[in-house]
Amino acid sequence: MSISNKLASAQNRKDEAPNIELAQEIAESENQAHINELVDNLSAKKDLQNDSIKVLYEIGALKPQLIANQLDTFIALLPTKNNRLQWGLMTAISTLVEEKPKEIIEALPTLLSTADSGSVITKDQAVKILISLCKFEQYKDEAFPLLNEQLLKSATNQLPMYAELALEIIDKTNKATFINTLQTRLPDIEKDSKRKRVEKVIKKLS
């Protein structure tokens, strides 16, 4: 039976439960034929694209090694006009940083240009990718300045979350730059609760 029959849209479901269950099932069985079918669906009609990328990034969250060999396909599909597919692809890529850090750092121009013109969730995932790359000693010198650029230009709504997520990769080599960037952005943040979150991050490091 085609695995696509188990997708939410094939069952006339509007919720994601069938897709999440399918991801868990495939992660347990490690069935590469089913993963290949889902990847083929990324070039099919919109409902199939949306359901299939959901299943794929949920598999990535559970067992990233199962979708690691699909990285090139995910990157190649990023120019799509389907916003749901685009941020889903970026989410799938973000699950693969530990599996494919070298390939992902080489693809950063494409990823960041997609994020610049993409939705909030696309940008969120790009920032998460940069933070994950900063955990690698050999890549942090390249990844951190790019992360810092994102912090300097990000929407003020997203900045507190980005600052909080980045805390784990801040060390003596980048702390001063990070604090300075956040302090530079403070006047931009109109909402008191958002500004307080950024101030809390600065305080933790000071």
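Trainee: Where is the place of I121?
Mentor: This is a predicted model, in which local features need pLDDT of at least 70, side-chain atom pairs count only at pLDDT 80 or more, and totals for chains, interfaces and linings use all residues. Numbering starts from 1 along each chain as its sequence is written, and side-chain values use heavy atoms, without hydrogens and water. Helices here are DSSP runs (H or I, at least four residues; strands are E, at least two), numbered from the N terminus. On that count, I121 belongs to helix α8.

Trainee: Is I121 buried or exposed, or partly exposed?
Mentor: Its relative accessibility is 34%. Buried means under 20%, exposed means over 50%, and partly exposed is in between (1.4 Å probe, protein chains only). So I121 counts as partly exposed.

Trainee: How is T122 placed, buried or exposed?
Mentor: T122 sits in helix α8, which covers residues 120-133. Its relative accessible area is 0%, so T122 is buried.

Trainee: Which side chain joins that of T122 in a polar contact?
Mentor: A polar contact is a pair of N or O atoms within 3.5 Å; within protein, one must be able to donate a hydrogen and the other to accept it, and residues adjacent in sequence count only if both atoms are side-chain atoms. For T122 the contact is 3.0 Å, and the partner is S119.

Trainee: Beyond its neighbours within four places in sequence, what is T122 in contact with?
Mentor: Contact means heavy atoms within 4.5 Å. With those sequence neighbours left aside, the list for T122 is Q86, W87, M90, T114 and A115.

Trainee: At what angle do α1 and α3 pack?
Mentor: Helix α1 takes in residues 17-29 and helix α3 residues 46-62, and their axes lie 8 Å apart. The angle between them is about 45 degrees.

Trainee: Which residues of α3 make the contact with α1?
Mentor: On the α1 side you'll find N19, I20, L22, A23, Q24, I26 and A27. Facing them from α3 are D51, K54, V55, E58, I59 and L62.

Trainee: What is K54 in contact with, leaving aside neighbours within four places in sequence?
Mentor: K54 is part of helix α3. At 10% relative accessibility, K54 counts as buried. Its partners are E16, N19, I20 and R84.

Trainee: What is the phi of E30?
Mentor: E30 is partly exposed, with a relative accessible area of 41%. This residue is other than glycine, yet its phi is positive, near 55 degrees.

Methods
Axes fitted to C-alpha atoms, helices over the stretch in contact; angles between N-to-C directions.
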